[in-house]
Amino acid sequence: MHNMKHFTSAFDAQSVRDLIQLGSYLKKYPNAFSDAGKNLTLGTVFMNPSLRTRLSTSKAAQLLGMNLLSINAQSEGWALDFSDAPMNHTTVENIREAAAVMGEYCDILGVRSFPTLNNKQRDDSEQDIIQWMNLSRKPLISLESATRHPLQSLADMMTLQELFPDKKPKVVLMWAPHVKPVPQAVANSFAEWMYFMNTDFTIACPDEVRLNEEFTAHATITNNQTEALKDADVIYAKSWASYAEYGTLHHNAEWMLTSEKLRINPDVKVMHCLPVRRDVELGASILDSSNSVVIQQASNRVPAAQAVLLQMIRDNYRNEINLSVSEQIALNQLA
Ligand code: CP
């Protein structure tokens, strides 16, 4: 067993199953650990826009009694430089000082940093988030990095468990069209977390947009959307840019999931991480129907973030906290 020093992928969890269980427990009892983070500060840095991640992580920190500092580095901070070259262009502050200063102000740091989508080597190396981690010298939570979105994935795993508590479901991650190339992080991460789940997992996508095999070795991969849809219990619709032709947009509007396509499987549940472009990525009539579980997914972002923060508080600062969910349930039943 190892402590969770950082949280950047499923492999940082001591046990994915326990983390999901802790998230489910916190969903039911959001105030069960309301003092756990007292006098500790979470600092979040957003290098890219966010609605769900920023607000759910803030709410999770509040529920644990933490102090919160948050900055949108794009609009509120100085233009950051991640290189060692002389800073004689437009950047104003180097990551070396920015991360070190944030480390002085915070006990746990959360960072969102999207991929460039034009420099595969740089994106695959995760150098931006690793620089934040190393230079801040504080425990770090990924709020979505170049290749992964682990907080989204944990919420997605909770959602799957809620939908199918007693069944090994057939789960299909299905590529969706878009008007611009978007990161592979949500799709990569979902595939990575599926490795730990008891499901029958398929990825349906055009051949041109197959994901990095590092994330998909355990999945069945098909380019036949209809076949994949036919007997699926749940479809996770998501767009992503090509990995082989790195960062390019694949034009295939035919792949948009519509209510007409769902006629062959009318009870299938449909997931999406949001934000979603209605009637471009996913049919609006699906989003407005009982097939859609996108709000349930977004709701699960709060207990998912709370579970990760709580585990990191315990492992890095407060070893006395008892995270045994069965014992906590017993205590709540007594109360
Ligand atoms: N799903 C998700 O991460 O949403 P935001 O980009 O709004 O945080």
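This is a predicted model: local features need pLDDT of at least 70, side-chain atom pairs count only at pLDDT 80 or more; totals for chains, interfaces and linings use all residues.

Reader: Which side chains have an N or O atom 2.8 Å from an oxygen atom of the ligand?

Author: Arg112 is one: an N or O atom of its side chain sits 2.8 Å from a ligand oxygen. The side chain of His149 also has an N or O atom 2.8 Å from an oxygen atom of the ligand.

Reader: And what does the backbone of Cys273 do there?

Author: A backbone N or O atom of Cys273 is 3.1 Å from a nitrogen atom of the ligand.

Reader: How much of the ligand does the protein bury?

Author: The protein buries 94% of the 250 Å² that the ligand exposes when taken alone.

Reader: Which domains does the lining of the largest pocket draw on?

Author: At least three lining residues come from domain 1 (10-148 + 301-328), and at least three from domain 2 (151-298).

Reader: How do the residues of that pocket lining divide?

Author: There are 14 nonpolar, five polar and eight charged residues in the lining of the largest pocket.

Reader: You mentioned Leu274 and Pro275. What kind of peptide bond joins them?

Author: A cis one, with omega at about 0°. Pro275 is in the loop between β11 (269-271) and α9 (284-287).

Reader: Why point that out?

Author: Because most peptide bonds are trans, and most residues other than glycine have a negative phi. On the phi side, look at Arg137, where phi is positive, near 60°. Arg137 belongs to the loop between α5 (127-136) and β6 (140-142).

Reader: Last topic, then. How many cavities of 30 Å³ or more does the structure hold?

Author: One. The largest cavity has a volume of about 70 Å³.

Reader: Which residues line the largest cavity?

Author: Among them are Ser113, Phe114, Pro115, Arg122, Asp123, Ser145 and Ala146. Phe114 is also one of the residues closest to the centre of the largest pocket.

Reader: Which element gives the largest share of that cavity lining?

Author: That's α5, with three residues. Both α4 (120-125) and α5 supply at least two. By class, the cavity lining has four nonpolar, three polar and four charged residues.

Technical notes:
Residues are numbered from 1 along each chain as its sequence is written. Side-chain values use heavy atoms; hydrogens and water are left out. On a 1 Å grid over the protein atoms alone, a cavity is a set of points where a 1.4 Å probe fits but cannot get out, and a pocket is an open set with protein on both sides within 12 Å along at least five of seven lines; lining residues have an atom within 4 Å of a point. Ala, Val, Leu, Ile, Met, Phe, Trp, Tyr, Cys and Pro count as nonpolar, Asp, Glu, Lys and Arg as charged, and the others, Gly among them, as polar. Domain bounds come from an automatic or database domain assignment. Grid points are joined across faces, edges and corners, and a volume is the space filled by probe spheres set on the points. Helices (H or I, at least four residues) and strands (E, at least two) are DSSP runs, numbered from the N terminus. A polar contact is a pair of N or O atoms within 3.5 Å; within protein, one must be able to donate a hydrogen and the other to accept it, and residues adjacent in sequence count only if both atoms are side-chain atoms. Accessible areas come from the Shrake-Rupley method with a 1.4 Å probe; for residues, only the protein chains shown count as cover.
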